[in-house]
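Please find below a colleague's note on the model under review.

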Amino acid sequence: MNQLGWRLISRDAWRSVLAMAGIATAVLIVFVEMGFMNGILDSQLRIVEAVRGDLVVLDKRRLHLDKWDGLLPIHLSQIAVVPGVAAVMPLYQAGMNLRNGPDRPDRRVVVLAFSPDDPPLELGWSRAALDSLREPERVLFDRKSRPIYGELAVGQALWLEGRRVRLGGYVSLGPTVIIDGVMVSSESTLKSINPGVRPIMAVVRVAPGADIERVKRAILGRAGEDIDVFRPGELADREITYLRRTAPIGLLFGAGMAAGLFVGLVICYQVLYVAIRRRIQAYATLKAMGFGNAFVIGVILHQAVLYAAGGFLIGLLAAFLLYQELALRTGLAIFLTAPRIGAIALACLLASVVAGLAAARQVIHCDPAELY
Amino acid sequence: MIPMTVAADQTRIHCSHLSYAYGSGAEEQPVLSGIGFDISAGEFVILTGPSGSGKSTLVTLIGGLRRLQRGQLRVLGSDLAGASEAALVLLRRDIGFIFQDHHLFDALTPRETMHLTMGLRRERYGKQDYLERPERWLTRIGLQRRMDVLPGKLSTGQRQRVAVARALINEPDLILADEPTASLDPESAAITLDCLREAVSQRGAAVLMISHDSRHYALADRVLTLVDGKLV
Ligand SMILES: Nc1ncnc2c1ncn2[C@@H]1O[C@H](COP(=O)(O)OP(=O)(O)O)[C@@H](O)[C@H]1O
Ligand SMILES: [Mg+2]
């Protein structure tokens, strides 16, 4: 293995570290853009992932989960009698003002409600907390909500739309871009505060042995005019697709990531260009001696990849630290996964190859005859 | 005692009716015209002449660094008229080039430069060669104690000597040198000329060296003089 590329980098350590730091900055930009994008998407999916059931029924007009068109009660009874349906568990959702103490300010909160006997979601509650919902005017609070609500202690009084309720325990869900905090109540508690509320979705549990696809088609056949039926995985996909395409989230953060990548590519090119320029006569000598273009390009690509690898690792480390801070501050699900790290590593590698090839042009075009 | 490496024909350079011009059309500037000469194995030939007479141009043509325009040129058995770029690259591996400047990589020690150069001929060398050959050559040029320092810590003369070792380590059949001693201290100049002489006398290499220094003429078997693009 030829060591020239490595030696050119390692014996110019100071310049190389500076170059890598520049590339690392661009890598960090890409990571942060990706972190926010996935944070928004993943946070949006937490409610879907909490679903405990085989199918989810939504109103057809409800294009995504932040549009609150409800199901009609008639739908619930239609679905309940479809063969193969074991249980229909409606989930209610309402935006409300929460006041933590008589003289505290109102804060918007989303209240999720369902029957505590058969919850359609699993939100990380304790048995005692869930049981407490059987008593009227009890609520649970999402511990991962943004810290705008103040300290909430089990047993304390709270005011939801002016109605006095009592905190029975905690759940664990997390905010989204739009929702700062979540409370959970029983269906009857929510209806006592807001009698007109309609379910935003119904989670269906299919009878043991029944074919889920067939039940899905049967539900659509029975009540299909204004509803959609999904498996939880399909709903998650639809949600992501909606946010990526229709909402400009994919475009917005995609552009940010592309810009970061481009900045990294330009820095890598610039650094290589200067490093090659300084040694152009040594490269020309290689060509005069009978080293082919492939060899010389290999030496330059080797350097490009080393710069990119160094920049990537520094950027990854910085992203790792920054992600923890961002997740803490925003409450969004911002975290690194192996496929995401791998995707950015691959993008860096490709960008460095492009930068290397672009910088190698000056060597390909240099004329070793000029050495004499 | 000349080993027969390039077939029975001992002609290393055959050149006839060679002409060359820079630029084209109205800009055309003829530099060489009607050049003809042969250099055989075991010959040390000096090329001299006033500045601008076309010496460097001729050497780059012979070295396959520039494309032939008119005339015949055969180098180490390869016909350079219409030779492909790939063929020229391969030809250059059999030629030892010495330039006025060393053009070493600042990041490679003399030993590493030798290793890199040996890589051009890796089919010839075994593991042992990579250990011994650089040491032998670097000792030969008086750098036995400087084999592992970077060029930044070497004197100009020492660097140029490394470039000489680089040109010779693969034992090329033809060595092309352009005023290799012009800016050297006497010790480095003497070592450089010794090495070239040795390549000619011991293994029958052919040397074509550009020089203005008439003291070198005594070393040469022949002196070619170029004036205004013509041999006189
Ligand atoms: N790349 C080039 N383009 C145009 N003219 C050149 C180039 N290289 C050399 N020349 C011209 O060709 C002539 C011969 O140059 P050169 O071969 O370097 O002569 P020498 O080595 O004998 O000094 C000079 O007039 C020089 O200006
Ligand atoms: Mg010259």
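1. Basis of the model. This is a predicted model, in which local features need pLDDT of at least 70 and side-chain atom pairs count only at pLDDT 80 or more, while totals for chains, interfaces and linings use all residues. Residues are numbered from 1 along each chain as its sequence is written, chains are lettered from A and ligands numbered from 1 in the order in which they are written, and side-chain values use heavy atoms, with hydrogens and water left out.

2. Domains of chain A. Chain A is divided into domain 1 (2-44 + 248-364) and domain 2 (55-230), with bounds that come from an automatic or database domain assignment. Their C-alpha centres lie 46 Å apart. Six residues from domain 1 of chain A and six residues from domain 2 of chain A make up the contact (heavy atoms within 4.5 Å).

3. Strand β8 of chain A. Strands are DSSP runs of E, at least two residues long, and helices are runs of H or I, at least four residues long, numbered from the N terminus. Seven of the eight residues of β8(A) (residues 199-206) are buried, so this strand is largely enclosed by the rest of the structure. Buried means under 20% relative accessible area, exposed over 50% and partly exposed in between, with a 1.4 Å probe and protein chains only.

4. Partners of β8(A). Two strands pair if DSSP finds at least two bridges between them. Strand β1 (residues 55-59) of chain A pairs with β8(A) in the antiparallel sense over three bridges, and A:L55 stands opposite A:V204. Strand β2 (residues 85-99) of chain A is also antiparallel to β8(A), over seven bridges; here A:V85 has A:V206 as its bridge partner.

5. Helix α9 of chain A. Nine of the 10 residues of α9(A) (residues 280-289) are buried, among them A:Y283 and A:K287. Just after this helix, A:G290 takes a positive phi of about 110 degrees.

6. Residue B:T48. This residue is found in strand β3 (residues 44-48) of chain B. B:T48 counts as buried because its relative accessibility is 7%. Leaving aside neighbours within four places in sequence, the contacts of B:T48 include B:K55, B:H212 and B:Y217.

7. Second largest pocket. The lining of the second largest pocket holds 16 residues, and A:K287, A:C366, A:P368, B:E85 and B:R92 lie nearest its centre. Helix α2 (residues 85-92) of chain B gives the most to this lining, with four residues.

Definitions and conventions:
1 Å grid on protein atoms, 1.4 Å probe; cavity = no way out; pocket = protein on both sides within 12 Å on 5 of 7 lines; lining within 4 Å.
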